[in-house]
Amino acid sequence: MTEKTISTRYREYAISELCEEDQRLVEAAKKATGGSYAPYSHFNVGAALLLDNGVIVTGANQENAAFGAGTCGERSALYNAGANYPNIAVLKLAVTAFTAGDFVADPCSPCGICRQAMIEFETKSGKPMQVLLVSKDRVYVLDSAKDLLPLGFTEF
Ligand code: THU
């Protein structure tokens, strides 16, 4: 038997410490919360992607009275990019949430299904997807979507 450890490296920044490009992406994710439809959870998620061609694509969670029919902000953005820019890599994904009158106090972190969707996009493009988990004033930066899903399923 061999015991092994998987660790996750990430960096924490104040939003004001980010480069201009990343601050723009964070602002786009915050703005995208305005497109959220979340009458059930009142948790308005916004996501913004920076594509390899410089385009920013956004998405927001879309809920449904039949709960399973809803989708998260991250997948809304990713599938928007996949449908409109099928062969362009997603270089960065920023996600945040607005609830109870303010942006979240702790950086917003993707659910397991979104992590699975993220690693599929990363794997198919062959380029790392940097992930920015955003709160009201802080950001965690991870250099690859795979960092959020250790031992993830990528082949069949
Ligand atoms: N949600 C997202 O949009 N992204 C996540 O990664 C976690 C959860 C949404 C789903 C639902 O509309 C609301 O947040 C509450 O769970």
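How do the residues of the shell around the ligand divide into nonpolar, polar and charged? Keep that in mind as you read these notes on the model, which is a predicted one.

1. Let's start with the answer. The shell splits into 5 nonpolar, 4 polar and 2 charged residues. Its members are Ser41, Phe43, Val45, Asn61, Glu63, Cys72, Gly73, Glu74, Ser109, Pro110 and Cys111.

2. Now look at the ligand's oxygen atoms. One oxygen atom sits 2.9 Å from an N or O atom in the side chain of Asn61. For Gly73, a backbone N or O atom is 2.8 Å from a ligand oxygen atom. With Glu74, a polar side-chain atom comes to 2.7 Å from an oxygen atom of the ligand.

3. Next, find the largest nonpolar core, which has 25 residues. Leu49, Leu78, Val90, Leu93, Met118, Met129 and Val131 touch the most other members. Two or more residues come from each of these elements: strand S2 (43-51), helix H2 (73-84), strand S4 (90-99), helix H3 (112-125) and strand S6 (130-134).

4. Zoom in on Val131. Leaving aside residues up to four places away in sequence, Val131 touches Leu93, Met118, Tyr140, Val141, Leu142, Ser144, Ala145 and Leu148. There is also a second, separate core of 13 residues, with Ile15, Leu25, Val134 and Val139 among them.

Note on methods. Residues numbered from 1 in each chain as written. Predicted model: local features only at pLDDT ≥ 70, side-chain atom pairs only at ≥ 80, totals over all residues. Heavy atoms only, no water. Core = buried A, V, L, I, M, F, W, Y, C linked by side-chain atoms within 4.5 Å. Buried < 20%, exposed > 50% of the residue type's maximum accessible area, 1.4 Å probe, protein only. Helix = DSSP H or I, 4+ residues; strand = E, 2+ residues; numbered from the N terminus. Contact = heavy atoms within 4.5 Å. Near = heavy atom within 4 Å. Polar contact = N/O pair within 3.5 Å; in protein donor to acceptor, adjacent residues only side chain to side chain. Nonpolar A, V, L, I, M, F, W, Y, C, P; charged D, E, K, R; others polar.
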